[in-house]
Amino acid sequence: MSVNDGGSDFVTRLNEIAASTEDLLDRLLAAAPMPAERARPKRLIESMRYATLGGGKRFRPFLVVESAALFGVPRERSLMAGAALECVHCYSLVHDDLPAMDNDDLRRGRPTAHKAFDEATAILAGDSLLTFAFDIVSLARASGLGGMAGGQMLDLAAEGRFAQTPPRLGLAEVEELQAMKTGALLRFGCLSGAILGGAKDGERDALDRFGAIIGEAFQIADDILDVEGDPETVGKATGKDADAHKATAVAVLGVERAKQKLFGLVADAEATLAPFGTRATMLKAAARFVAERRA
Ligand code: IPE
Ligand code: IPE
Ligand code: MG
Ligand code: MG
Ligand code: MG
C-alpha cells in the first residue's frame, strides 16, 4: 500500500522505506528454505506472505530506519530490524482479526488471513511470523507478556468477555492497555534505531520517550478512525469498537476530547525531539502523520 496524502517529503520517504521493506520481506519470506530449515510448507509460507506482503503503511520500519538514521546507521542494517518488527506487527494483525478475537473479514483492503486461507492456517502463520522475527532480531519484551500480547489480553478482558459484566476501565487503565497492545512495538521501533546507532544515554532516552508518546497517539488515532474513518480508505471495518465494548480512548473521553489529547501528544512528541534539532525533521513529520492519517 502506498500512502498518498499531499506528496510531502515525509510521504515520499515513508513510501520509499515501505518499498524497501516490501523487497526485503519478499526475499526473507521466499518459498525456498533458508540454511538449517528443512522445508517451508507451501500453504504456511503462502499464508505468511499473504499476511505480510502487499499492504500496510510500514510505519514501524519507517520509525526504525529514521531513528537509526539520526546516528548515521546505514539503511541495510536498520531495515533488517524494521522487517523483524513488521513481522511481529503482521502476526498481531492476523491474530487480532481471528473469530476468537475481533472477528474481522477485511484487513489492508483485502480478506483477512483466516478468510483467505482458514483459521488453523492463520494461527500457524501468525505463530510463524512471530518466531521468524526473532530469527532476524531480538524483540522479546515489546512483543510478549508485558508488551503487545499482554496488551491484547487486557483489551479482550476489557470487553467483559471473561466476566459477567464489562469492567469499565478508567483513563489510566486504557492508557496502560494501549501502551502495551500498540505502544510497545512503535516504541521499540524508535529505541532500536538508537541502539543500532550507539546513541548516548540522553538521546536514547529521548527516542524512547518519543516512541512511547507516538505509540499512545497511534492507537488513539486508530480509535478515532473506528468512529470517523471511511472503511474504503482505512481498508478495514469501522464502527465496531463501541458495539464490542472495547476500552478505547473514544469510549472514555468521547471523540472531541480524544482528539484534543491526540494533538497534545503530537506536540509533546515533537518537543521530545528537540535534542536532535533539524536532524529530526522526518520524525517530527511522522508524529503529525500519526494524528492526521486517514488510513
Ligand atoms: C493497525 O496498525 C493496528 C494498530 C496497532 C492500531 P496500522 O494502522 O499500522 O496498520 P497497517 O500496518 O498500516 O495495515
Ligand atoms: C490493535 O488494536 C492492536 C493489535 C495488537 C493488533 P485494534 O483491534 O483496534 O486494531 P485494528 O483496528 O483491528 O487494526
Ligand atoms: Mg483488537
Ligand atoms: Mg481489531
Ligand atoms: Mg482499531
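Colleague: Before we discuss this predicted model, what makes a run of residues a strand here?

Modeller: Strands are DSSP runs of at least two residues, numbered from the N terminus, and Arg107 has its place in such a run, strand E1, which covers residues 106-107.

Colleague: Why is Arg107 called buried?

Modeller: Buried means under 20% relative accessible area, and Arg107 has a relative accessible area of 15%, so it is classed as buried. Leaving aside the neighbours within four places in sequence, Arg107 is in contact with Leu93, Asp96, Asp97, Thr112, Gly235 and Lys236.

Colleague: What makes the pairing of the side chains of Arg107 and Asp97 a polar contact?

Modeller: The limit for a pair of N or O atoms is 3.5 Å, and the side chains of Arg107 and Asp97 are joined at 2.8 Å.

Colleague: How do you know which class of accessibility applies to Arg108, Asn103 and Lys42?

Modeller: Arg108, in the loop between E1 and strand E2 (110-111), has 19% relative accessibility and therefore counts as buried under the 20% limit. Asn103, in the loop between helix H4 (75-97) and E1, has 44%, and because this value falls between the limits of 20% and 50%, Asn103 counts as partly exposed. Lys42, which lies in helix H2 (residues 42-52), has 61%, a value over 50%, so Lys42 counts as exposed.

Colleague: What makes the phi of Asn103 and that of Arg108 worth a remark?

Modeller: Most residues other than glycine have a negative phi. Asn103, although not a glycine, has a positive phi of about 50°, and Arg108, also not a glycine, has a positive phi of about 55°.

Colleague: Why are helices H10 and H13 described by the term that you use for their relative direction?

Modeller: The axes of helix H10 (residues 201-228) and helix H13 (residues 281-292) come within 9 Å and cross at roughly 20°. Angles under 35 degrees count as roughly parallel, and H10 and H13 are therefore roughly parallel to each other. On the H10 side the contact is made by Leu207, Phe210, Ile214, Ala217, Phe218 and Ala221, and on the H13 side by Leu283, Ala287 and Val290.

Colleague: How do you know the class of the residues in that contact of H10 with H13?

Modeller: Leu, Phe, Ile, Ala and Val are among the residue types that count as nonpolar, and by class the contact of H10 with H13 has nine nonpolar, no polar and no charged residues. The crossing of H10 and H13 is left-handed.

Definitions and conventions
Residues numbered from 1 in each chain as written. Chains lettered and ligands numbered in written order. Predicted model: local features only at pLDDT ≥ 70, side-chain atom pairs only at ≥ 80, totals over all residues. Heavy atoms only, no water. Helix = DSSP H or I, 4+ residues; strand = E, 2+ residues; numbered from the N terminus. Buried < 20%, exposed > 50% of the residue type's maximum accessible area, 1.4 Å probe, protein only. Polar contact = N/O pair within 3.5 Å; in protein donor to acceptor, adjacent residues only side chain to side chain. Contact = heavy atoms within 4.5 Å. Axes fitted to C-alpha atoms, helices over the stretch in contact; angles between N-to-C directions. Parallel < 35°, antiparallel > 145°, perpendicular 65-115°, else oblique. Left-handed = near helix turned anticlockwise from the far one by under 90°.
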